[in-house]
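Please look over the sequence and the structure first.

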Amino acid sequence: MEKSKDEKNVLQKALKQYVLVLRRRPIVTKAITSGLVSALGNILSQKITHYRAGKAAAIEWLAVLRYSAVGAFVTAPCAHYFHRWLERTIPPDKEYAALKRLLADRILFAPPLIFLFFLVLNILEGQNLAVFQMKMKEAYWTTLKMNWKIWTVFMFININYVPVQYRVLFVSMVALLWQTVLASIRK
């Protein structure tokens, strides 16, 4: 089914507006994008979990808010600054840059970001250190391995072919699936 001319115009205008706002306020725009995607991922996770259990249940809006906060205030700013650092440290024209950039992301960025994810959610949930340590012991390594499996191909594309200003947007699109998986694992 082909989109009408009006629909294409609306999408083009929306994309132009997004790019304009992204140029003017990059961190805020990326934070809002990441926060919305994280919230949607959590809602989908809750719906999937309830469906699997065969029960209808209301959305836990506080959990949605927590995931949104992590996306907006942790993931987006960390990703923004990491990608700026990566561009300066390993420019695309250096020898083996594609591999070096991917390894930097997979080894230097993903593990601490996942740690921060668990830590901040633990704090937002009002849990103590013992609960955090238990969750880390139970889920950190599994989550990191799943991140490496799911994200490595996408991050290779992102780091090496997506312009730096659009990387958080690209990742946010792929993150909808990841946030759903991550929210399901963390339960």
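## Salt bridges

The structure holds four salt bridges. A salt bridge here is a side-chain nitrogen of Lys or Arg within 4 Å of a carboxyl oxygen of Asp or Glu. The model is predicted: local features need pLDDT of at least 70, side-chain atom pairs count only at pLDDT 80 or more, and totals for chains, interfaces and linings use all residues. Residues are numbered from 1 along each chain as its sequence is written, and side-chain values use heavy atoms, with hydrogens and water left out.

Which residue pairs with E87 at 2.7 Å? E87 forms a salt bridge with R167, and 2.7 Å separates the closest N and O atoms. E87 sits in helix 3 and R167 in helix 6, so this pair ties together parts that are 80 residues apart in sequence. Helices (H or I, at least four residues) and strands (E, at least two) are DSSP runs, numbered from the N terminus. E87 is partly exposed, at 24% relative accessible area. R167 is buried, at 3%. Buried means under 20% relative accessible area, exposed over 50%, and partly exposed in between (1.4 Å probe, protein chains only). A network of salt bridges links E87, R101 and R167.

## Two further pairs

R106 forms a salt bridge with D105. Their closest N and O atoms are 2.8 Å apart. Both R106 and D105 are buried.

K135 forms a salt bridge with E125, with 3.1 Å between the closest N and O atoms. K135 belongs to helix 5 and E125 to the loop between helix 4 and helix 5, so the pair ties together parts that are ten residues apart in sequence. K135 counts as buried at 17% relative accessibility. E125 counts as partly exposed at 23%.

## The nonpolar core

The largest nonpolar core has 30 residues. Such a core is a set of buried Ala, Val, Leu, Ile, Met, Phe, Trp, Tyr and Cys residues joined through side-chain atoms within 4.5 Å. L86, F117, F118, Y140 and W151 have the most contacts inside it. Helix 3, helix 4, helix 5 and helix 6 each supply at least two residues of this core. Helix 4 gives the largest share, ten residues.

Leaving out residues up to four places away in sequence, Y140 touches P111, P112, I114, F115, F118 and K135. Contact means heavy atoms within 4.5 Å.

## The loop at V164

V164 lies in the loop between helix 5 and helix 6. V164 counts as partly exposed, at 31% relative accessibility. Which residues does V164 touch, not counting residues up to four places away in sequence? They are K30, H83 and E87. V164 and H83 are 81 residues apart along the chain, yet their C-alpha atoms are separated by 6.7 Å.

## The cavity

The largest cavity has a volume of about 390 Å³. On a 1 Å grid over the protein atoms alone, a cavity is a set of points where a 1.4 Å probe fits but cannot get out, and lining residues have an atom within 4 Å of a point. Grid points are joined across faces, edges and corners, and a volume is the space filled by probe spheres set on the points.

Of the 27 lining residues, T75, L113, W151, V171 and W178 are the closest to the centre of the largest cavity. Helix 6 gives the most to this lining, with eight residues.

Definitions and conventions:
On a 1 Å grid over the protein atoms alone, a cavity is a set of points where a 1.4 Å probe fits but cannot get out, and a pocket is an open set with protein on both sides within 12 Å along at least five of seven lines; lining residues have an atom within 4 Å of a point.
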